[in-house]
Amino acid sequence: MGRRYEIGCAFDAAVKIEANGRRTVMTSDFVAQLKKINYEWSCREANNWIEMSVSTFRDVSKAEGENRTFMLFNPNGGR
């Protein structure tokens, strides 16, 4: 089991910066980063963590399901 503070680091590592500067993170990328630090989370657990711990990203998913896409909507804020 990883350390609790490493969850935020895994989230940061999962964030993708597109050519236009938009920052997004997909649940599957976040879960993959968590596995690298020995956290075995489901997509549902990862989504719950994002919703509760990261106030600057909102859900912009176009499809139903647990593999969601979140986008930064406050470029001046952190977590």
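In this predicted model, Glu-18 and Arg-22 are joined by a salt bridge between their side chains, with an N to O distance of 3.4 Å. Glu-18 is partly exposed, at 31% relative accessible area. Arg-22 is partly exposed too, at 35%. The structure holds five salt bridges.

A further salt bridge pairs Glu-51 with Arg-68, whose closest N and O atoms lie 2.5 Å apart. This pair links distant parts of the chain. Glu-51 sits in helix 3 (residues 43-53), and Arg-68 lies in the loop between strand 3 (57-59) and strand 4 (69-72), 17 residues apart. Arg-68 also meets Asp-59 in a salt bridge, at 3.0 Å from N to O. Glu-51 is partly exposed, with a relative accessible area of 43%. Asp-59 is likewise partly exposed, at 38%.

Helix packing was examined next. Helix 1 (residues 6-14) packs with helix 2 (residues 27-36) at an angle of about 130 degrees, and their axes are 8 Å apart. Helix 1 is therefore oblique to helix 2. The crossing of helix 1 past helix 2 is right-handed. Helix 1 contributes Ile-7, Ala-10, Phe-11, Ala-13 and Ala-14 to the contact. Helix 2 contributes Asp-29, Phe-30, Gln-33 and Leu-34. By class, seven residues of this contact are nonpolar, one is polar and one is charged.

Notes. Residues are numbered from 1 along each chain as its sequence is written. This is a predicted model: local features need pLDDT of at least 70, side-chain atom pairs count only at pLDDT 80 or more; totals for chains, interfaces and linings use all residues. Side-chain values use heavy atoms; hydrogens and water are left out. Axes are lines fitted to C-alpha atoms, for helices over the stretch in contact, and angles run from 0 to 180 degrees between N-to-C directions. Helices (H or I, at least four residues) and strands (E, at least two) are DSSP runs, numbered from the N terminus. Angles under 35 degrees count as roughly parallel, over 145 as roughly antiparallel, 65 to 115 as roughly perpendicular and the rest as oblique. A crossing is left-handed if the near helix is turned anticlockwise from the far one by less than a right angle, and right-handed if clockwise. Contact means heavy atoms within 4.5 Å. Ala, Val, Leu, Ile, Met, Phe, Trp, Tyr, Cys and Pro count as nonpolar, Asp, Glu, Lys and Arg as charged, and the others, Gly among them, as polar. A salt bridge is a side-chain nitrogen of Lys or Arg within 4 Å of a carboxyl oxygen of Asp or Glu. Buried means under 20% relative accessible area, exposed over 50%, partly exposed in between (1.4 Å probe, protein chains only).
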